[in-house]
Amino acid sequence: MLESLLEFAIQGVVLGGLYALFAVGLSLIFGVLDVINIAHGEFFALGGYLAFAGIVLLRWPAGAGVVAAAIGTGLLGLAVHPLLLGPLRRRLGRRPAGPLYLVLTLGLSTFLQSTLLLAAGGEYLRVPPHVRGVLDLGVTAVAYQRLLVLGAAVLALAALFAFLAHHRQGLAIRAVAQNPDAAQAMGIPLGRVHTLTVALGVGLAGLGGALMAPLFNVYPAVGFPLTIKAFAIVIVGGMGNLAGALLASFVVSLAEAFSVMAIPSEWQNLIAFVVMIAVLLLRPQGLLGRAVVR
Amino acid sequence: MLVVEGVRAGYGRLEILQGVSLTVEPGALVGLIGPNGAGKSTLLKTVFGYLRPGAGQILFEGRPVTGLRPDQARRRGLGYVAQDGGLFAEMTVHDNLVLGGYVLPSRRAVRAAIEAALERFPVLRDRRRQVAGSLSGGEQRILALARALVTRPRLLLVDEPSAALAPGMIDRVYDALVALHRTGLALLIVEQNVEAILGVAGRVFVLDLGRNAFDGTPAELRGSDRVRRLYLGEAVA
Amino acid sequence: MRARLPRAAGWTALAALGLLPALLPHPFVLTLATQAAIWALLAASWDLLSGYTGQISFGHAGFFAVGAYAAAAATKHAGLSPWLGLPFGAAVAGGLGILAGFPALRLRGHYLALVTLGLAEIIRLVAQNWLELTGGPFGIHDFASYPGLPAGPLALRRARYVVTLGVAAAAVVAMAVVCTRTAAGRAFRAIREDDVLAASLGVNTTAYKLLAFGLSAAFGGLAGTLYAYDVQLVSPSVASAATTSLVIGMAVFGGLGTIWGPALGALLLFAVGEALRFAGVVYNLIAVGLVIMVFVIFLPRGLAGLARGR
């Protein structure tokens, strides 16, 4: 019994790390730009593809491949605001956007997924584990690969939070999230901050994709189920609240892991949505409230 | 220093400013008053770039700034303090000041500028690590001014510095404004509280329904019966 | 702003496209035309809720699936005649729509879109995993289609096309009539413009929002039943987000909030997509994605907006 519990807990925590990378990036983009990036999962997939290209095709060491994949995804993410979000914002002016941003990122998602399909084909690409071997904990064992995912996620998120708390550009990002007019009055250029924020957010997703490539395999639609689940997580945590997204990621992942004791495993994926609906009905501002990017 | 000529501006199809002109001499303290809806705040927002004028032009230090974005206007030497202070309520006093120094070239310059600001406004020193939203109304207004000072604009646009403040706080805020003015900073202050501004301004412009209604010294303003009847009556609120 | 000419032109275009297969009675064309009619109905039903009433729903695939599954299951397990299966599937979907409308009353904008997306995903997961009810990943097959139609492959194909087109066309017209000529339609428009203001002016926004959800879901479910009886196979993929994505793309292309716009957009986009499909399955979705992005930025009012002169 204890072994199972421990195994579930480890599984939940590792998965939580992945969810957190994904959900925090999504929440960051929402908090700063007020845009929900439906295409977030495609950047996850892209991270996986870049990792495949680096590690399998170019035979780079795993670490270099993962880092390059994350950076590559972030660089591509730099294009999203100037090409798409920015022009729409300019055309809207002060008019309310309604569903338009959602539709725009939906179009981007469709476009990216099918482009990946065209460029790389639909088969599941295999990436070997970044690290091999298993950590023996006595009662149970954990693959180092899974620990790597968790460790890298924690490091990346810690770096992000530190950046937002102390670095001049991190403060600028928070300023734009809290009060864009005042941020401009400080001399902060909104467009550049938006561009950087999107790149950071999708870069995190790309990192997740690169880390998970050995576990999930790589194919164009690999990111979409995560995207939908991440929406639920972001709502549970409080939209735009990064700490909330972090917390909710682990709440959901642990709930999913432990749920196996009570319900058949195919129904695991429902949990995130059930939790989301419960939160919306009982505490709509989310666990930590719709605070802005703190 | 600042020349506004024939500016028309508004929100969407609603035109508020219908050809307004105004000047601010270097180092001057100029007041902008008028009834509600006259367009005073709208004019400040247009000068700083939050709104694009439909017609007219705006020159700052001889160069056109019409249509610049607010962050660009900031880099040209204009500063802006919003009616509610425009603070980052969920950040600390310290972080707000750091952001005030966003356009400064180095961390050392930012630190020095923050030190200077805290020297001038020592009430903020104790509150440095406090979240800005938890300060009192008057302290928040002081923080907004201190923050504006960190980057040394050459002309500061201030929107209703006395709004929603108790009389004692209003005096402190105006003392701070006058202190800033004495360092050589030019000020264009929009005010509902006519008495407060008339006490310190060198020149006053009056707007009514989006047009110029009067300009002159406070003494000239008080001396004109017509103006007093129309506008100072409002002030005794 | 009412524009009679573009609206009339839009309806004419729809009618013309509807009659096109009569001129080209090739079974392949008929099959495509049948599917196109189903998409047109689905897109118009989405528009009624999201474009016309302003309640942004990203879960329309769910109602489509519910209608399809309800009809297929009823016909397969209870022997319900497909002619009755059509209204049955629509009713089940409509009921679900009203249920979904209740929590949606409290939500706006982003939240509403995400929750509806989540609801559709729940439906898809249920469809995928509840073997007894839905046949699991393999879905429901082996059920009858409309009885009493002529035999012979081409004649049957044509008859099915006529049935589908007839039902879909009647449904789209019905939605348009409701929106433009009834008090409900006026209420929908008021809710889209400013539902707080509408409520303060005495409009029963709760009732009308639920009505919009119910109608939209019912007609979306009707599209699902038409799909079920045409393809005679219902699998969990009908509830996928890709379906919703396509529908929204078609609606944006055609013009949100016009009912006829999304129907026309669906027909055109479907035709273009299928034509591109000959170059390779992949290209048409790339084109759809591009169309959505370009239109949202440069032509947010879609074709209908072009007709009105933006």
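Mentor: Gladly, and keep in mind that this is a predicted model. Let's begin with the cover over the buried residues of α6(A), which includes α1 (2-33), β2 (141-143), α7, α9 (190-216) and α11 (242-259) of chain A.

Trainee: What makes residues of α6(A) count as buried, and which ones are they?

Mentor: A residue is called buried because 20 or more other C-beta atoms lie within 10 Å of its own. In α6(A) the buried residues are A:Q145, A:R146, A:L148, A:V149, A:A152, A:A153, A:A156, A:L157, A:L160 and A:L164.

Trainee: How do you know that the reach of helix α6 of chain A is close to the expected one?

Mentor: Helix α6 (residues 144-166) has 23 residues, and 32 Å separates its first C-alpha from its last, close to the 33 Å expected at 1.5 Å a residue.

Trainee: Why are β1(B) and β2(B) called paired?

Mentor: Pairing needs at least two bridges, and eight join strand β1 (residues 2-11) to strand β2 (residues 14-24) of chain B, so they qualify. These strands run antiparallel, and B:V7 has B:V20 as its bridge partner in β2(B). Two residues lie between the strands of this hairpin, where B:G12 takes a positive phi near 60°.

Trainee: What makes β1(B) and β4(B) a pair?

Mentor: Five bridges link β1(B) with strand β4 (residues 55-60) of chain B in the antiparallel sense, and at least two are required, so this is a pair too. Here B:R8 stands opposite B:A55.

Trainee: How many residues does each chain give to the contact?

Mentor: Chain A gives 19 residues and chain B gives 21. The largest share of chain A's side, six residues, comes from α7(A).

Key: Residues numbered from 1 in each chain as written. Chains lettered and ligands numbered in written order. Predicted model: local features only at pLDDT ≥ 70, side-chain atom pairs only at ≥ 80, totals over all residues. Contact = placed C-beta atoms within 7 Å. Helix = DSSP H or I, 4+ residues; strand = E, 2+ residues; numbered from the N terminus. Expected span 1.5 Å × (residues − 1). Buried ≥ 20, exposed ≤ 12 C-beta atoms within 10 Å, placed from the backbone.
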